[in-house]
Amino acid sequence: MISRIGAARGSTILAFLGAAIGAACSDSTSPTTKTPAAIAAVSGTGQTGSVGSTLSSPLIFAVTTASDAPVSGVTVTFAVTSGSGTLSPTTAVTDANGTASTQLTLGSTAGTVEVTATIQGGALVARATATATQVVSTD
């Protein structure tokens, strides 16, 4: 027959073990999902190059939360929305720093080229510009 003291100790031990197992199974180190609140061009905008050339630096965009924390794992879609040019790649996933980049090759027409970076189905958009200049012949 189990005494009342033995039964009380058994329930205390079971309660302690249950709490210990629960704490061990919770994963407080797993990443929490961060919600993108903004996208911005952080590097590469404002470059100038000859028509048909690839810009010397990539266009880099950063995705952040409302508290400016970087958001990784977000798909960014790039498009030339004004002027002439091609992008590679046209989509990229943000890295641990919340950044994604694309390389712009200027088209055959001189003028301003605008590139947009879009996330969340178009809800958040950022723009970067570059200028294509016509090569003047010295003949």
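1. E114 is partly exposed, at a relative accessible area of 22%; buried denotes under 20% relative accessible area, exposed over 50%, and partly exposed the range in between, with a 1.4 Å probe and protein chains only. The model is a predicted one, in which local features need pLDDT of at least 70 and side-chain atom pairs count only at pLDDT 80 or more, whereas totals for chains, interfaces and linings use all residues. Residues are numbered from 1 along each chain as its sequence is written, and side-chain values use heavy atoms, with hydrogens and water left out.

2. The side chain of E114 forms a salt bridge with that of R127, at 3.7 Å from N to O. The criterion is a side-chain nitrogen of Lys or Arg within 4 Å of a carboxyl oxygen of Asp or Glu, and the count by this rule is 1. The pair joins distant parts of the chain, since E114 belongs to strand β8 and R127 to strand β9, 13 residues apart. Strands here are DSSP runs (E, at least two residues; helices are H or I, at least four), numbered from the N terminus. In general, side chains of opposite charge can pair when their charged atoms come close.

3. The largest nonpolar core has 24 residues, of which I39, F61, V76, F78 and L104 touch the most other members. Such a core is a set of buried Ala, Val, Leu, Ile, Met, Phe, Trp, Tyr and Cys residues joined through side-chain atoms within 4.5 Å. Two or more residues come from each of β3 (59–64), β4 (75–82), β7 (99–106), β8 (111–119) and β9 (124–133). Strand β9 supplies the largest share, 5 residues.

4. Beyond residues up to four places away in sequence, the contacts of F78 (heavy atoms within 4.5 Å) include F61, L87, P89, T116 and A117.

5. An open sheet of 4 strands runs in the order β1-β3-β7-β5, with antiparallel pairing; two strands pair if DSSP finds at least two bridges between them. The edge strands, β1 (38–43) and β5 (85–88), each pair on one side only. From one strand to the next the twist averages 30 degrees. Strands β1 and β3 pair over 5 bridges in the antiparallel sense, and the bridge partner of I39 in β3 is V63.

6. S43 is a residue of strand β1 and is partly exposed, at 32% relative accessibility. Leaving out residues up to four places away in sequence, S43 touches P58, L59 and I60. S43 and A128 are 85 residues apart in sequence and 8.9 Å apart in space, C-alpha to C-alpha.

7. T65 sits in the loop between β3 and β4. With a relative accessible area of 11%, T65 is buried. Apart from neighbours within four places in sequence, T65 contacts K34, T35, A37 and V71.

Conventions: Axes are lines fitted to C-alpha atoms, for helices over the stretch in contact, and angles run from 0 to 180 degrees between N-to-C directions.
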